[in-house]
Amino acid sequence: LRDRQAVERQLGTAWKTRRGQSDSMATKIARAKTTYERLLKRGSFEDELANLLRVRNVLVSQQVPVGRYNLDLAISPLRVAVEICTARPRPDSGSAARERLEEILDGGWSVLVIFIDHGGRWNPSGIADRVVAFLDEVRRQPTTRRQYGMIGRYGQSIATSSKHLPR
């Protein structure tokens, strides 16, 4: 590993040049596809929950692209997305989170958001059980499609409000 100053010397000009620029939608969509193909940006919580769902006979994929975004976990036959948030929502992230959620919902997906404090304790088995219950509800009740729910690190329900939207 290199020290921070060496990295800044090597990359500082590129960072300054790039700052303030935004990518085209085509570039963002291509990036999402690459993330899926290479299974980039997977977290340990995501991997563990995916494995627990597979043990429960759930066909789950990771980092599935939906437009310019990647779903942490996707149960494609039912079009259910599971998004794992490991940081507390910030007041300044509300509009971006809302835009992301709306795009996923508009894509025909139902969304279950799981809030886990990064580095904190969590109940992966209890969460996996709640995900399976959510899948069963979507399967039984077509009206729950394109809806979202939220649970905490122990599998408990969380009231939905604009300040508790996914990243």
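Colleague: Which residues on the other side of H3 are exposed?

Modeller: Ser44 and Val55 are exposed there, exposed being over 50% relative accessible area, buried under 20% and partly exposed in between (1.4 Å probe, protein chains only). This is a predicted model, where local features need pLDDT of at least 70 and side-chain atom pairs pLDDT 80 or more, while totals for chains, interfaces and linings use all residues. Residues are numbered from 1 along each chain as its sequence is written, and side-chain values use heavy atoms, without hydrogens and water. Helices (H or I, at least four residues) and strands (E, at least two) are DSSP runs, numbered from the N terminus.

Colleague: Which residues of H3 are buried?

Modeller: Phe45, Glu46, Leu49, Ala50 and Leu53. They cover an arc of only 125 degrees around the axis, which puts them on the same side of H3; the arc is taken from the directions from the helix axis to the C-beta atoms.

Colleague: What covers the buried residues of H3?

Modeller: Contact means heavy atoms within 4.5 Å. The cover includes strands S1 (61-66), S2 (69-75), S3 (80-85) and S4 (110-115), and helix H5 (124-140).

Colleague: Which residues touch the most other members of the largest nonpolar core?

Modeller: In soluble globular proteins, nonpolar side chains tend to be buried together. A nonpolar core is a set of buried Ala, Val, Leu, Ile, Met, Phe, Trp, Tyr and Cys residues joined through side-chain atoms within 4.5 Å. Here, of 23 residues, they are Leu49, Leu53, Leu73, Ile75, Ile114, Ile127 and Val131. H3, S2, S3, S4 and H5 each give two or more residues to this core, and H5 gives the largest share, six residues.
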